[in-house]
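Student: I would like to go through this structure step by step. May we begin with a single residue and then turn to other topics?

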Amino acid sequence: MTNTSIPFHHVRRVAVLGSGVMGSRIACHLAQTGSEVLLMDLPSEKGPRNAIAAGHLKSALKSNPSPIYSKRFTDRITTGNFDDDLVKVADCDWIIEVIVERLDIKQQLFERVEKVRKPGTLVTSNTSGIPIAQLNEGRSADFQKHFCGTHFFNPPRYLPLLEIIPGPNTAPEVIDFFTAFGERVLGKQVVLCKDTPAFIANRVGVFAIQALFHAVEEMGLSVEAVDKLTGPAMGRPKSATFRTCDVVGLDTLIHVANGVADNCPDDERRSAFAIPSYVQHLVDSGSLGAKSGAGFYKKIKNDQGKSEILVLDLKTLEYRKQVKPKYATLEAAKQVDALPARTKVLFEGQDEAGTFYRRIFADVFAYVSNRVPEIADEPYRIDDALRAGFGWELGAFESWDAVGFEAGMAAIQERGLTVAPWILEMQATGHTTFYRNRDGVRECWNPASKSYGPLPGQEGRIALGWLPESATVWSNSGSTIQDLGDGILNIAFHTKMNSIGSEILEGLNKAVDLAENDSKWRGLVVSNEGGQFSAGANIGMIFMLAVEQEWDDLDYAVRVFQNTMMRMRYSGIPVVAAPHQMALGGGCELCLHSDKVIAHAETYMGLVEFGIGVIPAGGGTKEFVLRLNDEMHDGDMRINRLRDRFLTIGQAKVSTSAYEAFEHGYLREGIDEVVVNRRDQLARAKRAALDLAEAGYTQPIERKNITVSGQEGLGIVYAGAHTMMSGNYMSEHDQLISEKLGYVMCGGDLSERQTVSESYLLDLERKAFVELCMQRKTLERMQSLIQKGKILRN
């Protein structure tokens, strides 16, 4: 990471000028990452003067998904208006403009800002494509020195891309500061761009969409077929292509496409930015996507009164029922988990799908080759922008590496396209990959130096994929143990959705065995680079044992899970969990039993077993009772906290962020931590394990002093469940689950409060789990969820 002469604490107060969809959400992200924010817009002509900014903020906070980690961060945001409050930017350290995309209006606002800002104050624009050089025309030397583009992508909380675009007179230390601040504080993937039309992500991403539009038209493919082909199968978002366009809005897409066509007359694929007739039809009819109620998809009420989503027929331009597409290439790809290998399978397909993939990949490969050095000097910047801004799991050049250099070249030639000279120069040197790993360092080809160079931002960071093969200590089909250096091991899962089955349990126990039996190992980190930390235990296996009424085997399977979780808690080494995205059920229980959790901000954690008809039995219920005990409440307060803990499990609450996980009791204040940038997480987790080891970590002793409420709590639980069932708020089966959960959390049918051990509570929760699995309603619920794909098959 480049050092900066501007300290991070310089930015404490930020003025966000413009409170629309982007402005209000940028304000939320700045607030949740530590800044005090002044959000301004035009003064309201009716009602309170700040009504516009306040209204937009209120609307943003009601939106789903939420733009903010926790509502408590909204206390850091105040609202104002340009007429009454613009003078307050004099007290701000950073001023970011997020108003309408019109050069004249932006310039007028900057003229007003310059009259009140203090010299040295950072000023940026969130423009998505207006040249930075034009935006600061007529401004003072100090203004221009401290001015650049900071282009966030919507929604700012969830899309990590932050494009930094220097102006002609921007001071280097300003760029260095925003690069470092964006990465370390805002948690962004920062990409340094040249001041070219649409910058990097939109220039290439919108080209990819436009080229695909034309391919679809020429090949006669359907909307639903393309979305099936261009979604998760190729490492793209579930919304794929046409659903994404509906969400973003066709007017926005066309605005960018027309901007590139108008401002890039020498672009060799300029014709691809022409709007296809079927897209123009939608625009002309006002069908712009989700915002207008219809686009490529349209939601209606059918004759039975049920909601149904129709799709646009690209030939008739009428809406019709969807037809489920099937392709042999997709079926073959389903068998391959690793995305690079799966991409190669897609590319080599021999059906219509394979032809489609070769065409769209060839279009993108050729295009990105010709954008270097026009929009970026190095290939990795384009890949970084596409991954972070468009949700591609593999960037364009990474995808080319996956299918093979020669295969990519052949597809390009078949399309009649040409590549940039630097591609041929690289090939002439004998190098046919854009990336390589060397001694644990990720490198990318640099066309200027005609050699490989390390990717920036690796210093102080660890990625499992960068580690050499020699770092692998042990592996099985579901987990891999690697040496992170300094005596710290990492165990990574790689099952489907990282569900926890026998392979992962074996791996967790093996990792502790290794560490406890060899003094060179000092700690263990549990992290992985999959899409999810863990979606929970393998419910498919549980279902099969229950269906076959193998109750002893089921009891044993649950016992093994419990014992493994307890081993995480009571091993001779510190165990640090580093969850991201989904940490549900058993994945949550693993975190609950770790010595420390370093959670990514986007961690969705919860004990969700109630939803499948059982209770948490991997120690989750026990752990909530233990934590309730440690909160040291007496009398009614203890009962109130018992109710809160009970409802968290009973309502299967899942946190919408790591910060909310503290509020639900899954994470512990003063112990567990949150990291905003996912790429910093593993290094932070390793450091936490080292800190625990260096502080003189000693093996804990199983707790035997847990106070439970017995019949006092049971009476309240049973009465509440009966009332809910009588009022038709829950079924008889849900009442049974509630009573079983309450029985465990109260320590059983004890006549008075008593102290019990963890083992005692584990026995109770395991018994309740198995008994619930004996219920027909539980099996029906499991089967239904498995059939719907909501939980995993065995």
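Student: Where is the place of Thr170?
Tutor: Thr170 sits in the loop between β7 (161–166) and α7 (172–184). Helices (H or I, at least four residues) and strands (E, at least two) are DSSP runs, numbered from the N terminus. Please note that this is a predicted model, in which local features need pLDDT of at least 70, side-chain atom pairs count only at pLDDT 80 or more, and totals for chains, interfaces and linings use all residues. Residues are numbered from 1 along each chain as its sequence is written, and side-chain values use heavy atoms, with hydrogens and water left out.

Student: Is Thr170 buried or exposed?
Tutor: Thr170 has a relative accessible area of 12%, so it counts as buried (under 20% relative accessible area, with exposed over 50% and partly exposed in between; 1.4 Å probe, protein chains only).

Student: Which backbone oxygen does the side chain of Thr170 reach?
Tutor: That of Phe147, at 2.6 Å.

Student: Now the cores: how many residues has the largest nonpolar core?
Tutor: The largest nonpolar core has 117 residues, and Val16 and Trp94 have the most contacts inside it. Apart from it lies another core of 111 residues, including Leu161 and Tyr452. Such a core is a set of buried Ala, Val, Leu, Ile, Met, Phe, Trp, Tyr and Cys residues joined through side-chain atoms within 4.5 Å.

Technical notes:
Polar contact = N/O pair within 3.5 Å; in protein donor to acceptor, adjacent residues only side chain to side chain.
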